[in-house]
Amino acid sequence: MTETTTAATETKTWPHHELGKRLSNWGRWGDDDEIGTLNLVTPAKRVQAAGLVRTGKIFDLGMAFDSKGPQDGGFRINPVHTMTFMPMDTLGVPDTMISADDMVTMGLQCATQWDSLAHVGYDGRFYNDVPSTAVSTSRGATRNSFDRTVERLISRGVLLDIARFKGVDRLPDSYEITSADLSAAEERQGVRVESGDILLVRTGEYQYFLEGDNKRFSGNEAGAGLDSLEFLHERDVAAVAFDNWAFEAWPSPVPGGIIPVHQVAIRDMGLTVGEMFDFEELAADCEDDGVWEFLFSGVGLKITGAVGSPVTPMAVK
């Protein structure tokens, strides 16, 4: 980061903001666009993805939405499931019908989830020059809301297993995945990421959650580095999902920077970002049969004004 100081003001030039200018997709799909790189998921892309199904084997890539989730209550809470109507409430119905009903209270980003293009920005702007005032407490996100994206989150999925490429179960703390890592994993696996794909990246971090170590899972982590965005931009990736809690390496390697990879990916590139996906079973199967591409379905909830969404994603091989 370079700094220029005047008598009246101090101006900072942030390296990720400079990168964002170069990788920006603002205006690429029109001034009114609200879905960014998901425009790359075309009908032809979905036909291609459907053709990848050979065995019908399904892999559930999501967390359960329950009280055993990764949240500690400090920032977000785990889902609270409540029964609102019980079978005993129907006692005495003439034809002996019984019924039950329930509800869930939870944050939309408390477990496996997508970030919408209204989730992160900087300099008072979200993706495609949308002002911060487009998000309000009364209406939520009036622009770049997640509900605009749901029909686009079915595409060809590709898993790149960076942990296996590095020969480890899980990457070291705060390791920054680079474009070179992603390219090398492609070469090792014999697969290529193409325009309109939804890219899944395994760090191995999810194993901490499976082991019940939520504190470790929510701590320092390997993840995407700023350099990896060059790969995602060059390949025209439609969306990206990681198996860690924050997508990018944590803590930030940019002094004073707060989630800089999010800022560029979401605000500048218009890239939908997923977090806390479970790739363990899928990665083992891909390693076993050598097939790293599949039909991916990651449709979230169509909640008006949402800046994120829970999801139960699936891979079908």
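A: Let's begin with the word itself: on a 1 Å grid over the protein atoms alone, a cavity is a set of points where a 1.4 Å probe fits but cannot get out, while a pocket is an open set with protein on both sides within 12 Å along at least five of seven lines; a lining residue has an atom within 4 Å of a point. Grid points are joined across faces, edges and corners, and a volume is the space filled by probe spheres set on the points. Keep in mind that this is a predicted model, where local features need pLDDT of at least 70, side-chain atom pairs count only at pLDDT 80 or more, and totals for chains, interfaces and linings use all residues. Residues are numbered from 1 along each chain as its sequence is written, and side-chain values use heavy atoms, with hydrogens and water left out.

Searching the whole structure turns up one cavity of 30 Å³ or more. The space in this largest cavity comes to about 40 Å³. Its lining is made of Ile177, Leu182, Leu199, Val201, Ala224, Ser228, Leu232, Val240 and Phe242. Sorted by class, that lining has eight nonpolar residues, one polar and no charged ones. Here Ala, Val, Leu, Ile, Met, Phe, Trp, Tyr, Cys and Pro count as nonpolar, Asp, Glu, Lys and Arg as charged, and the others, Gly among them, as polar. At least two lining residues come from each of β13 (198-202), α7 (228-234) and β15 (239-242). Those labels are DSSP runs numbered from the N terminus: helices (H or I) have at least four residues and strands (E) at least two.

Asp236 has a phi near 55 degrees, a positive value in a residue other than glycine. Its relative accessible area is 18%, so Asp236 is buried; the cut-offs are under 20% for buried, over 50% for exposed, and partly exposed in between (1.4 Å probe, protein chains only). Ser174 also has a positive phi without being glycine, near 65 degrees. You'll find Ser174 in the loop between α3 (162-165) and β12 (176-177), and at 25% relative accessible area it is partly exposed. Past β15, the loop between β15 and α8 holds Pro251, and the peptide bond from Trp250 to Pro251 is cis, with omega near 0 degrees.

The largest pocket has a volume of about 470 Å³. It is lined by 18 residues, and the closest to its centre are Gln71, Phe75, Arg76, Trp245 and Ala246. The pocket lining has eight nonpolar, five polar and five charged residues.

Next, the rings. Rings of Phe, Tyr and Trp (its six-membered ring) pair if their centres lie within 6.5 Å, and the planes count as stacked under 30 degrees apart, edge-to-face over 60 and tilted for the rest. The whole structure has eight aromatic pairs. One of them is Trp114 with Phe296, edge-to-face at 6.4 Å centre to centre and 85 degrees between the planes. This pair links distant parts of the chain, with Trp114 in strand β6 (residues 113-115) and Phe296 in strand β17 (residues 293-297), 182 residues apart. Trp114 counts as buried because its relative accessibility is 0%, and Phe296 is buried at 0% too. Another edge-to-face pair is Tyr206 with Phe217, 6.1 Å centre to centre and 85 degrees between the planes. Tyr206 sits in helix α5 (residues 206-210) and Phe217 in helix α6 (residues 214-217), eleven residues apart. Both partners, Tyr206 and Phe217, are buried. Back at Trp114, this residue forms one aromatic cluster with Phe277, Phe279 and Phe296.
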